[in-house]
Every structure is written in C-alpha cells, then in structure tokens.
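Let's walk through this structure together, one question at a time. Take a look at it first.

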Amino acid sequence: EFQNESPPPTYLKENELLMLQKVKKEEVFKGLEPLEGGGMKCVDKEILERQKGIVTELIKQALTRSIVRISLPVRIFESRSGVERITDHWRFANVFLAKAARISDRVERMKQVIGFGIAGFYTSIQQL
C-alpha cells in the first residue's frame, strides 16, 4: 500500500516511447546559414546577444585565472538541463533492454543492446 503523498511511479506504454520526435531540418538549423567552404554562420540576432554575455564571462575568467582553470558555461552547448538530455538518450531503455533480456540467442540479444545504445542519437543532431 502507498501513501497519497508519494504514489507509486507510473510507466509509459511502449507505443508512447516509440513515438519519434518530429523535427524538421529548418527547426534544427534555425538562425544559421551555410558557408561556402563548409560550416555554418549564426545570423540570429537573439542568439548572438545571448552569446555576448558568455564571451564577457570568459574574458573575465581569463584575466583573473590561469587558462587551465577556465570553465565553459553549460549554456554555450545546451540550454536544457542535464537530466532532460540524458532522458532523451535513454528513453528507449525499457523497450530494447527488456526485449534483449528475453532473447536467448546471443547475436540477437547484442543487436537489441546496440539498438538501445544508438536509439536516442537522433536527438543529438541539435547539438551539432
């Protein structure tokens, strides 16, 4: 029996976990323009304004600390929390690993484990 203040956890159904995030190329590269020689150039004024604060912070650290001790702010790379990013990559664990646990053939079981390992990679494209 559980107390009302702390109910048992609820689990997502398999079909909810298998829903793909619908991401369009335009959304991923919003505010960026491709360069002739390769690479991308940021043309979004809002993003550039936010980056100014980061550059200022890094300059202050460089003036007061050894270069080895300078830490880059997390917001440079990702605005979401670490827990949010980890859950994106691990959201398919119970689908692939539960299936792998029921398979007796070692090769097929390894395929499921590898599938689990790469299933969440599609969310990483936004960080490239």
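**Questions about the structure**

Reader: Leaving aside its neighbours within four places in sequence, which residues is E33 in contact with?

Author: Contact here means heavy atoms within 4.5 Å. E33 itself lies in strand β1, residues 32-34, where a strand is a DSSP run of E with at least two residues, numbered from the N terminus. With neighbours within four places set aside, the contacts of E33 are G39, M40, K41 and V43.

Reader: Good to know! What kind of model is this, and how are residues numbered?

Author: This is a predicted model, where local features need pLDDT of at least 70, side-chain atom pairs count only at pLDDT 80 or more, and totals for chains, interfaces and linings use all residues. Side-chain values use heavy atoms, without hydrogens and water, and residues are numbered from 1 along each chain as its sequence is written.

Reader: Is E33 buried, partly exposed or exposed?

Author: Buried means under 20% relative accessible area, exposed means over 50%, and partly exposed is in between (1.4 Å probe, protein chains only). E33 has 41% relative accessibility, so E33 counts as partly exposed.

Reader: How far apart in space are E33 and D44, C-alpha to C-alpha?

Author: Start with the sequence, where E33 and D44 are 11 residues apart. In space, C-alpha to C-alpha, the distance between E33 and D44 is 9.5 Å.

Reader: Which residue forms a salt bridge with E108?

Author: A salt bridge is a side-chain nitrogen of Lys or Arg within 4 Å of a carboxyl oxygen of Asp or Glu. The closest N and O atoms of this pair are 3.0 Å apart. The partner of E108 is K111.

How values were computed:
Helix = DSSP H or I, 4+ residues; strand = E, 2+ residues; numbered from the N terminus.
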